[in-house]
Amino acid sequence: TISRLYAPDSSFRIFTWQVVKDDDYCRQRGFIQLKTKDGSLQLFPLRDVSEFTQNPVDTIANPGGWMGAVYYRIIQKEHAGKKFYTLLGYDEHNRRTTRKWIDILWFDETKTPVLGNPNGFSFAKDSVPVPSVSRFLLEYKKDARARVQYDEELGIIIYDHLVSETNEPKKKYTLIPDGDYEGFEWKNGQWLHIDKVFDFKLKEGEAPVPVPFNENKLQNNPPVKPKKPGGGS
C-alpha cells in the first residue's frame, strides 16, 4: 500500500501512501529521500494540506505545504539547465469525487524540494485560452475511472476529457469521461495543453488505442487470415 518511486536520474526517491478514516476522510502521507555522497539520511516529510488550501492549482509550496497524492509515475524533463520532475498522482479524496494530480517537483539552490512551478501548465494554444496554473487537477465522479498517463513514444501526458452527466460542469461529482482525450506536451520549460490528442472519438464499449488508426499502413500490410483448428489454412 506504499508507493515507492525513484527519479529517472536516481537523485532521489519518493514514498507516498494513503490514510483513510472513513468515506469522507482520505489524506496522504509521504517523504522525499535525497541521495547523498556519504550515504547519510536526508529526508523531507510531506504534509498534506490540501483541505486547507484555497487555490491548490496555483500554490507553490515546500514539502510542508503539499497537495497530497499517491504517486505512480515520475517524468524527468530539463529546461535552461534545470531539472524538473513531473509527478502523476492519485487521491481518493471523498465519497463523491476522486482526484488525479499532475505536479512538478524541482530543487532550489539549497537542494530543498519545491512543489509546483509558476506557469507550469499553459493553455495558451487553446481556442479559448485560460490562465496558466502551477499544477493540474483532474477531479471527477467517484469510480468514473478517468485516466492520466504518460505516453513515452508521443512524449505526451494523456488524460480523459470529462463531461457532466447533468450538464452541470461546475459540480465535479457529475463529471465522467466521454471517450475523448486531452493532453500536455513539454515545450520551453512548461507543459502546453493539447485540446484534442486524437482526431477521432471512441464509441461506447471500445477500448482506447495508443496511436491513431492508419488506413494506408493497413492497405500495404493486409491482415493475415487466421488458420483453422488442426493446421488447415
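**Entry 1: terms and model.** I count a residue as buried when its relative accessible area is under 20%, as exposed when it is over 50%, and as partly exposed in between (1.4 Å probe, protein chains only). The model I am reading is predicted, so I note that local features need a pLDDT of at least 70, that side-chain atom pairs count only at pLDDT 80 or more, and that totals for chains, interfaces and linings use all residues. Residues are numbered from 1 along each chain as its sequence is written, and side-chain values use heavy atoms, with hydrogens and water left out.

**Entry 2: the chain as a whole.** Of the chain's 233 residues, 43% count as buried. I also looked at contacts (heavy atoms within 4.5 Å), and among those between residues at least 6 apart in sequence, 45% join residues at least 24 apart.

Entry 3: The average pLDDT, the predictor's confidence in each residue from 0 to 100, is 88 for the protein chain, and 85% of the residues score at least 70. I marked residues 210-233, where pLDDT stays under 50 and the model has 11 contacts beyond four places in sequence. Where pLDDT is low, the predicted coordinates should not be read in detail.

**Entry 4: the four-stranded sheet.** I traced an open sheet of four strands in the order β1-β2-β3-β4, with antiparallel pairing, where two strands pair if DSSP finds at least two bridges between them. Its edge strands are β1 and β4 (43-47), each of which pairs on one side only.

I began at β1 (residues 3-6), whose covered face holds Ser3 and Leu5, while Arg4 and Tyr6 lie on the uncovered one. β1 runs antiparallel to β2 (residues 12-22), to which it is paired over four bridges, and in this pair leucine 5 stands opposite isoleucine 14. The two strands form a hairpin with five residues between them, and in its turn I noted serine 10, with a positive phi of about 60°.

I then followed isoleucine 14 across the sheet. β2 and β3 (residues 25-34) pair in the antiparallel sense over 10 bridges, and the bridge partner of isoleucine 14 in β3 is isoleucine 32. β3 is joined in turn to β4, also antiparallel, by five bridges, with isoleucine 32 opposite phenylalanine 44.

**Entry 5: the five-stranded sheet.** I found another open sheet, this one of five strands with mixed pairing, in the order β9-β14-β13-β12-β11. Its edges are β9 (121-122) and β11 (148-151), each with a single partner strand, so one side of each is left without a neighbour in the sheet. Within this sheet I looked at β13 (residues 175-187) and β14 (residues 190-194), which pair in the antiparallel sense over five bridges. One position I checked there is phenylalanine 184, whose bridge partner in β14 is histidine 193.

Entry 6: Is histidine 93 buried or exposed? Its relative accessibility is 18%, and therefore histidine 93 counts as buried.

Asparagine 167, in the loop between β12 and β13, is likewise a residue other than glycine with a positive phi, near 60°. Asparagine 167 counts as exposed because its relative accessibility is 70%.

Last, I turned to proline 131, which is found in the loop between β9 and β10 and counts as exposed because its relative accessibility is 67%. Proline 131 and asparagine 119 are 12 residues apart in sequence, and I noted that their C-alpha atoms lie 8.3 Å apart in space.
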